[in-house]
Amino acid sequence: MRACGKAALCFLFLLGLIQTPLCVTAGKILIWPSEFSHWLHMKTIIDELIVRGHNVTIVTHSATPFLLKDQSLGYNMEIIQVPHTKKDIMDNLDRILKSCMYDIPNINMIHAFLKLTEGIDIMTEQNKALCRELFAREDLLEKWRKEKFDVLLTDPVTACGELLAQKLNLPFVMSTRPFFANFMERHCGQLPAPPSYVPAFGIGYTDRMDFLQRVTNILFIAFHDIVVNFMMMAKWDPFFTEIMGKPTTLCDTMSKADIWLIRTYWDFEYPRPLLPNFKFVGGLHCKPAKPLPKDMEDFVQSSGDDGIVVFSLGSMIKNLTKERANIIATALGQIPQKVLWRYTGEKPETLAPNTRLYDWIPQNDLLGHPKTKAFITHGGTNGIYEAIYHGVPMVGLPLFADQPDNINHMTTKGAAVMLDFNKMRSKDLKHALDDVINNPSYKESMMRLSRIHHDQPMKPLDQAVYWIEYVMRNKGAKHLRVEAHNLTWYQYHCLDVAVFLLSVIALVVFIFVKTCGLLFRKCCRKTSAKSKKE
């Protein structure tokens, strides 16, 4: 009996060892974040890394519109002084948003494009200014070299994180869902994207394309690649060469990423090929709903059986035109549900008693409330994943960047209705809300996506942290990078092999034709000689 007891104890001990998750000795992590919703996503990872005992240092700048007001205990912050101010950044951002939201749809396209280009150029110069000030601080770089960080986590929306990793000789992890992610994933990450069933970013197609759509898809991808390539060659490649002191490109630098953390999952994406160092972590910030503040809960409960609608256009939209705000408020006043609207502009004249305005709302907690019937959203990835997590169907009002593409994905999956923000009328928004709330197919589709999201072997946040720690444990993850990174474009597509094989075939055909010709001529001569003798 004692032997059996000891055996049982040994078995339980071994079972405990097997079930204990892999851990990594507390290490040092350098963070190069971006702003707004990108920061909220990365902060979730940072908080979990701190909980697990890692030492975290965040690099930001003196003009940051977001990070300095969101400091929390547990991490170090290194602030780089830049020549521009927070106001400069916000004013330029407002110009870009105005161009995307109002100018491009309503005024001369060329004029609007030039205004947008001007705003992007200013943003690029602000980003470059940060990079220059960073790499001018040789004392700081030397300090970081001595600290011996284990890994760098970067968001490529703000360039230079990947360059900092190269300067410090650190492995780095990319957290990405930027506007041009599709290009970066394909060209810099070498992620396969067959145009026959992988739609181009922003084109609005699904993975099921007919012949004409495939033609359009290929042409759109080619045009997009030319534009982004030109932008990088003109704006960033000379700068990266200047900083590194040798020919260097943005794409080559990004291609050295050990792991790419992609902020989506198969609940959102169409099926496509993946590489070993690409990991889906969409919805890592999502969590069960917490109780609402009392006054908000009282308002929600006052909705009765009709329930509530949650409305937010994200953290970047501070103001709407009076005309747009009144159209929206009129539509919201015509539905039986109560509406909680995150809105910081002038109060709309047509605001109805069933609608309350808030400077800020606990969006995740509201979407997880049992009385929530629908979510009106601009289509940011964070909000979409909170809706998927809690199974709330959506009405999408996409404004710029990846938002139209995001909402289109949800529309094709049957979980959302998309409206044109500039062209919609009050009755269009009301009809869309009535459809999403009262047609059970939208709720059923969203619940199906929610089940897919929750049916994972590891939670997205755990997966993100695991792969960061994996890079730390293994001093990088170069063994997961495909050899495609070391091939030229013609080698990747086997064009050199094709030319060689065609040359061989041509040579064989040439020899065969020449041989046949020679034999034919010999036969002709013999026949001719025979005829003469006769």
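Trainee: Between which two elements lies the loop that holds Phe-36?

Mentor: Phe-36 lies in the loop between β1 (28-32) and α2 (37-51); helices (H or I, at least four residues) and strands (E, at least two) are DSSP runs, numbered from the N terminus. The model is predicted, so local features need pLDDT of at least 70 and side-chain atom pairs count only at pLDDT 80 or more, while totals for chains, interfaces and linings use all residues. Residues are numbered from 1 along each chain as its sequence is written, and side-chain values use heavy atoms, with hydrogens and water left out.

Trainee: What is the phi of Phe-36, and is the residue buried or exposed?

Mentor: Most residues other than glycine have a negative phi. In Phe-36, which is not a glycine, phi is near 55°, a positive value. Phe-36 is buried, with a relative accessible area of 11%; buried means under 20% relative accessible area, exposed over 50%, and partly exposed in between (1.4 Å probe, protein chains only).

Trainee: Where does Lys-148 lie, and is Lys-148 buried or exposed?

Mentor: Lys-148 lies in the loop between α5 (138-147) and β4 (151-154). Its phi is also positive, near 55°, but Lys-148 counts as exposed, at 64% relative accessibility.

Trainee: How many residues of helix α18 are buried?

Mentor: In α18, 11 of the 14 residues are buried, so the helix is largely enclosed by the rest of the structure. Among the buried residues are Trp-467, Ile-468 and Tyr-470. Helix α18 spans residues 460-473 and reaches 20 Å from its first C-alpha to its last, close to the 20 Å expected; the expected span is 1.5 Å times one less than the number of residues. Just after α18, Lys-475 takes a positive phi of about 55°.

Trainee: What is the order of the strands in the open sheet of 6 strands?

Mentor: Two strands pair if DSSP finds at least two bridges between them. Here the order is β10-β9-β8-β11-β12-β13, with parallel pairing. The edge strands, β10 (355-358) and β13 (416-418), each pair on one side only. From one strand to the next, the twist averages 15°.

Trainee: Which residues stand opposite each other in these strands?

Mentor: Val-309 stands opposite Val-339 in β9; β8 (residues 308-312) and β9 (residues 338-342) pair over 5 bridges. β8 and β11 likewise pair over 5 bridges, with Val-310 opposite Phe-375 in β11. β11 and β12 pair over 3 bridges, and Thr-377 faces Gly-396 in β12. Of the 6 residues of β11, 5 are buried.

Trainee: Which residues touch the most other members of the largest nonpolar core?

Mentor: A nonpolar core is a set of buried Ala, Val, Leu, Ile, Met, Phe, Trp, Tyr and Cys residues joined through side-chain atoms within 4.5 Å. The largest has 72 residues, and Phe-135, Trp-144, Leu-164, Trp-260, Leu-366 and Met-410 touch the most other members. Helix α14 (residues 381-390) gives the most to this core, with 5 residues. Apart from it lies another core, of 67 residues, including Leu-93, Leu-261, Ile-437 and Val-465.

Trainee: Which residues does the UniProt annotation "transmembrane region" cover?

Mentor: That annotation, from an unreviewed entry, covers residues 497-520; UniProt positions are given in the numbering used here, feature names are shortened, and annotations may be inferred rather than shown by experiment. Over residues 497-520 the chain is 100% helix and 0% strand, with the end C-alpha atoms 34 Å apart.

Conventions:
Axes are lines fitted to C-alpha atoms, for helices over the stretch in contact, and angles run from 0 to 180 degrees between N-to-C directions.
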